[in-house]
Amino acid sequence: MTTVPRIQLSDGTSIPQLGLGTYKLDDDTVIPVIHEALEIGYRHIDTAKIYRNESGVGRAIATSGVARDDLYITTKLWNDDHLQARSAIEASLERLGLDHVDLYLVHWPFHSAGTAARAWEQMVEIREAGLATSIGVSNFLPEHLDAIAAVSDVVPVINQIEVHPLLQQAELRAECAKRGIRVESWGPLGHGSVSLAEELPQLAAIAEAHGKSVPQVVLRWHIEEGLIIFPKSAHSARLRENFDIFDFSLNATEMDAIRALNQDRRVGVHPHEGNWS
Ligand code: NDP
């Protein structure tokens, strides 16, 4: 079976570099998808309270036959829970049927409310209580990282942000690296909003040279950039395709060619705008 590389985090733990995203899968549809993914070899699952599928994720785990310790489970604190993070994670754990998650993320900085620092203070307590082994953030800009650094010495292990060839985020990734924060790419294949194969026809030649598909080349690019990814698919063949990226590598010319495709083009929401509650 394929061994997925692990990325070391600043708190001494490690995370499988490839996992399964679950955005847009509901409590029912997520169960067979997770079972299929675990069968293929996935061991890392990314969910969030707002995906409204934590109960399904929990049922899938409980009925999978895979030991809890072999799994890496992430969930996230939603905006309207910033001031009640402890009860929010307790409710998430209840739905997941778990006593802890491996990673708990502040889902958005909730820029308009300015509550990220107060949320982070509670995240630290959540980690100390053992409800989350590791804690991190998502959609944070340097200004938000500064805001939490002002109230706590505990640095997030991860910042989960939109990254794909159209939006490579070199500056924010460098800033995270400087602070010892690893980056997870959400929407690694374009978030289902754009087809990277259509937007970037240059990828086809690289894919052809390796006998791989464009999505596989894109996911391999993330891996070689040191990014952590969890592409979502509801389809068995695509789950396999997205996992089958560890038997080839991109050379320096190909990596540079993909880096040159950056357009600073977001297909998702800017961190200043993620203010839903
Ligand atoms: P992805 O970039 O993973 O793209 C998912 C889309 O691509 C789906 O429409 C899927 O369709 C399609 N797809 C998947 N594999 C293939 C393939 N091999 N060939 C062609 N199409 C494919 O987008 P996501 O937004 O789902 O991002 C991944 C995960 O990141 C999410 O599921 C979620 O866990 C997380 N996330 C976090 C956010 C945050 O704010 N922190 C925001 C958004 C996502 P189909 O299912 O029909 O196969």
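Hi everyone, let's start at the ligand: one of its oxygen atoms lies 3.1 Å from a backbone N or O atom of proline 188. I'm calling that a polar contact, meaning a pair of N or O atoms within 3.5 Å. A quick word on the source: this is a predicted model, where local features need pLDDT of at least 70 and side-chain atom pairs count only at pLDDT 80 or more, while totals for chains, interfaces and linings use all residues. Residues are numbered from 1 along each chain as its sequence is written, and side-chain values use heavy atoms, with hydrogens and water left out.

Back to the ligand. Lysine 232 has a polar side-chain atom 2.7 Å from a ligand oxygen atom. Serine 138 brings a side-chain N or O atom to 2.8 Å from a ligand nitrogen atom. In total, 27 residues surround the ligand, counted when a heavy atom lies within 4 Å of it. The closest are Asp46, Leu189, His191, Lys232 and Ser233.

Now, the helices, which are DSSP runs of H or I with at least four residues, numbered from the N terminus. Helix H8, residues 203-210, packs against helix H9, residues 214-224, at about 90 degrees, with axes 8 Å apart. Axes are lines fitted to C-alpha atoms over the stretch in contact, and angles run from 0 to 180 degrees between N-to-C directions. So H8 is roughly perpendicular to H9, a label covering 65 to 115 degrees.

Who touches whom here? Leu203, Ala204, Ile206 and Ala207 of H8 meet Val214, Val217 and Val218 of H9, with contact meaning heavy atoms within 4.5 Å. By class, that contact has 7 nonpolar, no polar and no charged residues; Ala, Val, Leu, Ile, Met, Phe, Trp, Tyr, Cys and Pro count as nonpolar, Asp, Glu, Lys and Arg as charged, and the others, Gly among them, as polar.

Methods:
Polar contact = N/O pair within 3.5 Å; in protein donor to acceptor, adjacent residues only side chain to side chain. Helix = DSSP H or I, 4+ residues; strand = E, 2+ residues; numbered from the N terminus. Parallel < 35°, antiparallel > 145°, perpendicular 65-115°, else oblique.
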